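Let's take a walk through a protein together. Have a look at the sequence and the 3D picture, then read on.

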Amino acid sequence: MSYPPWTSVSEAAALLASGHIVAIPTETVYGLAGNALDPLALAKIFAAKGRPVFDPLIVHIADINSLDNVAQDIPEAAYTLARTFWPGPLTMVLPKKPCIPDLATSGLSTVAVRLPQHPIAQDIIRQAEVPLAAPSANLFKHVSPTTAEHVADQLGSKIDGIVDGGPCSVGVESTIISFQNEIPVILRPGAITPLMIESVIGKVILKNSTSNPGEAMLSPGTMDTHYQPHIPLYYGDLPKGYVLPSNTVRLAFGNTVSNIPASLNLSETGNLTEATANLYAFMHKLDVEPNRFILVDPIPNEGLGIALNDRLKRASIKRL
Ligand code: TXA
Ligand code: MG
């Protein structure tokens, strides 16, 4: 096989149906897919990413009717969200059907399910004729891929195929909502915002798993350091008098005033959708020598900005 293993949609579907693992485009980020019903394929996904098996995978389906094949005891609110936001960047955590292997859910009794909007993702799932487990197609703890080239750089020699569907339109991972409590809990913010969800099903709780850089950790030991570039990135106020290393680059947002020139601007007009679509690609671009430090402008913590703040806090070094 030649590397990177570029693959067509029909080849990808055939590879997936026969137990191989293939990176596929979705509207959020690229996913590393395998047959969700095949424990061997799931094991290959964990191995290729270097991901610990206690971190469960999202199961992707191609139509709403398939939800009942992978989940059970589904509350009415979940169907309502599915009808409103699927296909799209929303993942729902629901009680799992016995057909879903423990490896997919890390032994949990629940399964995370999503119906992606990207037409290529839908075609591949339909042609493979199985639900596809797919974590983001990056090495464990690294920045998620929003182009096929990002996947090729990180995983090109470790997987059986990559389908190029162009840059991802959303740019951050899906919103995850759990129905395990009486009031649904948003476990990970994404493009489907808490307000959008509340306008359809009423009150939800937004789990706050990240503390601000420089602040005491909310729960020590549980700090999530996903999404980190190799070069230290800092998101937060700089301590007074702090001297930045030479070769500091600034990832700007809008027209923030700074004495460090902007290397890249997530969105010159301060548009959160544009900034989200650019975030990971720009993190990949700045994560190169001779850069020594990446400083990111503040982003308003509202709407889609909630997901941006979540990802940037996780990507940030925690103290200077
Ligand atoms: O947008 C996305 O969701 C992308 C694309 C490829 O669909 N996928 C993605 O997968 O971001 P991953 O594996 O990088 O993140 C999945 C998250 C993990 O944080 C995992 O802990 C959580 O989903 N998760 C999966 N199953 C769960 C469950 N049963 N209960 C709670 N959290 C779960
Ligand atoms: Mg991930």
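In which strand is the place of R114? R114 sits in strand β5. Strands here are DSSP runs of E with at least two residues, helices are runs of H or I with at least four residues, and both are numbered from the N terminus. Before we go on, some ground rules: this is a predicted model, where local features need pLDDT of at least 70, side-chain atom pairs count only at pLDDT 80 or more, and totals for chains, interfaces and linings use all residues. Residues are numbered from 1 along each chain as its sequence is written, chains are lettered from A and ligands numbered from 1 in the order in which they are written, and side-chain values use heavy atoms, with hydrogens and water left out.

Back to R114. With a relative accessibility of 2%, R114 counts as buried; that word means under 20% relative accessible area, while exposed means over 50% and partly exposed is in between (1.4 Å probe, protein chains only). The side chain of R114 makes a polar contact of 2.8 Å with the side chain of E27, and another of 3.0 Å with the side chain of T26. A polar contact is a pair of N or O atoms within 3.5 Å; within protein, one must be able to donate a hydrogen and the other to accept it, and residues adjacent in sequence count only if both atoms are side-chain atoms.

Now for ligand 1. How many residues surround ligand 1? There are 22, and the closest are T28, D55, H60, S174 and R188 (a residue is near if one of its heavy atoms lies within 4 Å). Polar side-chain atoms of H60 and S174 each lie 2.6 Å from an oxygen atom of ligand 1. Taken alone, ligand 1 exposes 690 Å², and the protein buries 87% of that (Shrake-Rupley method, 1.4 Å probe; for residues, only the protein chains shown count as cover). Strand β5 turns up again here: it gives the most to the shell around ligand 1, with 3 residues.

Next, look for the greasy part. In soluble globular proteins, nonpolar side chains tend to be buried together. Here the largest nonpolar core has 44 residues, and L67, W86, L90, M92, I159, I177 and I197 touch the most other members. Such a core is a set of buried Ala, Val, Leu, Ile, Met, Phe, Trp, Tyr and Cys residues joined through side-chain atoms within 4.5 Å. A second, separate core of 29 residues includes Y227, L251, L308 and A315.

Helix α7 (residues 148-155) is mostly covered, with 6 of its 8 residues buried. Those are A148, H150, V151, A152, Q154 and L155. They pack against β1, β2, α2, β7 and α9 (contact means heavy atoms within 4.5 Å).

The peptide bond from W86 to P87 is cis, with omega near -5 degrees, and P87 is in the loop between α4 and β4. The bond from E289 to P290 is cis too, with omega near 0 degrees. D73, in the loop between α3 and α4, has a positive phi near 50 degrees although D73 is not a glycine. At 65% relative accessibility, D73 counts as exposed.
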